[in-house]
Amino acid sequence: MRDGLRLMLDAAPDLRVVAEAADGVEAVTAARAATVDLAILDVSMPRRTGLHAAREILAHRPGLPILMLSMHEDDQYFFQALRIGAAGYVLKSAADRDLLDACRSALRGEPFLYPPAVRALLREHLAAVAAGERDDAEVLTPREQEVVKLVAEAHTNEQIAAALTISVRTVERHRENVLAKLGMRDRVELTRYAIRRGLVEP
């Protein structure tokens, strides 16, 4: 399967495979190289699983987008990948359809979720609400929620400032406040949050 994926990625005009790894240990070494802009990890890699490898890679390169490739259409693996900080989760059975789009989304700093994963997120959210967990929307001001939505829709700070008739510095301050309130690190997590909250469509 690796050969097929490499052919598909190299055939894309905007993507290029710069390294390959036979197992999780090799993947960690390769992904730590400065020339790698995106890592695609198989959840079931030998020696070190893709999830473990992702955790180690992100400890050294926290901004590196990582896509998890898996044969498992299982909520457990999907949620583990999200918690680690993966930018997306692609099923092997749909890789020929989804992988290129997932790569481009991850490189833009946007998450990639396949339809069953979106349903799993919705189930988790509804279960959390039913269990009486804190509603994060109550933490954010209406203005901050507007900023989150526009960030998730891939607008720049300048575009958000123009849309809300505020300064760029104010937009930056809102983003910093939102990240701090929600305990998040970056736009990928904010976008994932916006999808869970129904602020944007995936």
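Helices are DSSP runs of H or I with at least four residues, strands are DSSP runs of E with at least two, and both are numbered from the N terminus. The model is predicted: local features need pLDDT of at least 70, and side-chain atom pairs count only at pLDDT 80 or more, while totals for chains, interfaces and linings use all residues. Residues are numbered from 1 along each chain as its sequence is written, and side-chain values use heavy atoms, with hydrogens and water left out.

**Figure 1. Overview of the chain, with ten helices and four strands.** Read from the N terminus, the elements follow the order α-α-β-α-β-α-β-α-β-α-α-α-α-α. The chain has 202 residues, and 46% of them count as buried. Here buried means under 20% relative accessible area, exposed means over 50%, and partly exposed lies in between (1.4 Å probe, protein chains only). The accessible surface is about 10700 Å², with 51% of this area belonging to carbon and sulfur atoms; such areas come from the Shrake-Rupley method with a 1.4 Å probe, and for residues only the protein chains shown count as cover. Contact means heavy atoms within 4.5 Å. Among contacts with a separation of 6 or more, 57% join residues 24 or more positions apart.

**Figure 2. Val 151 in helix H7 (residues 142-152).** Val 151 has a relative accessible area of 1% and is therefore buried. When neighbours within four places in sequence are left aside, Val 151 is in contact with Ile 160, Arg 175, Arg 187 and Leu 190. Glu 110 stands 41 residues away from Val 151 along the chain, and the two C-alpha atoms are separated by 10.0 Å.

**Figure 3. Thr 191 in helix H10 (residues 187-197).** The relative accessible area of Thr 191 is 4%, so this residue is buried. Apart from residues up to four places away in sequence, Thr 191 touches Pro 111 and Ala 152.

**Figure 4. Packing of helix H1 (residues 2-11) with helix H5 (residues 95-107).** Two packed helices are described by the angle between their axes and the distance between the axes. Axes are lines fitted to C-alpha atoms, for helices over the stretch in contact, and angles run from 0 to 180 degrees between N-to-C directions. The axes of H1 and H5 come within 11 Å and cross at roughly 50 degrees, which means that H1 is oblique to H5. Angles under 35 degrees count as roughly parallel, over 145 as roughly antiparallel, 65 to 115 as roughly perpendicular, and the rest as oblique. The crossing of H1 and H5 is right-handed; a crossing is right-handed if the near helix is turned clockwise from the far one by less than a right angle, and left-handed if anticlockwise. From H1, Leu 5, Met 8 and Leu 9 meet Ala 95, Asp 96, Leu 99, Leu 100 and Cys 103 of H5. By class, this contact of H1 with H5 has seven nonpolar residues, no polar ones and one charged one. Ala, Val, Leu, Ile, Met, Phe, Trp, Tyr, Cys and Pro count as nonpolar, Asp, Glu, Lys and Arg as charged, and the others, Gly among them, as polar.

**Figure 5. Packing of H7 with helix H8 (residues 157-164).** The axes of H7 and H8 are 10 Å apart, and their angle is about 135 degrees; the two helices are therefore oblique to each other. H7 passes H8 in a right-handed crossing. The H7 side of the contact consists of Arg 143, Glu 146, Val 147, Leu 150 and Val 151, and the H8 side of Ile 160, Ala 163 and Leu 164. These residues of H7 and H8 divide into six nonpolar, no polar and two charged.

**Figure 6. Ala 154 and Thr 165, two residues with positive phi.** Ala 154 lies in the loop between H7 and H8. Its phi is near 75 degrees, a positive value in a residue other than glycine. Ala 154 has 32% relative accessibility and so counts as partly exposed. Thr 165 is placed in the loop between H8 and helix H9 (168-182). Although Thr 165 is not a glycine, its phi is positive, about 55 degrees. With a relative accessible area of 71%, Thr 165 is exposed.

**Figure 7. Packing of helix H3 (residues 50-60) with H4.** The angle between H3 and H4 is about 10 degrees and their axes are 10 Å apart, so the two helices are roughly parallel to each other. Leu 51, Ala 54, Arg 55 and Leu 58 of H3 meet Tyr 77, Gln 80, Ala 81 and Ile 84 of H4. The contact of H3 with H4 comprises six nonpolar residues, one polar and one charged. Within H4 (residues 75-84), the buried residues are Phe 78, Phe 79, Ala 81, Leu 82 and Ile 84. Gly 85 follows H4 and has a positive phi, near 120 degrees.
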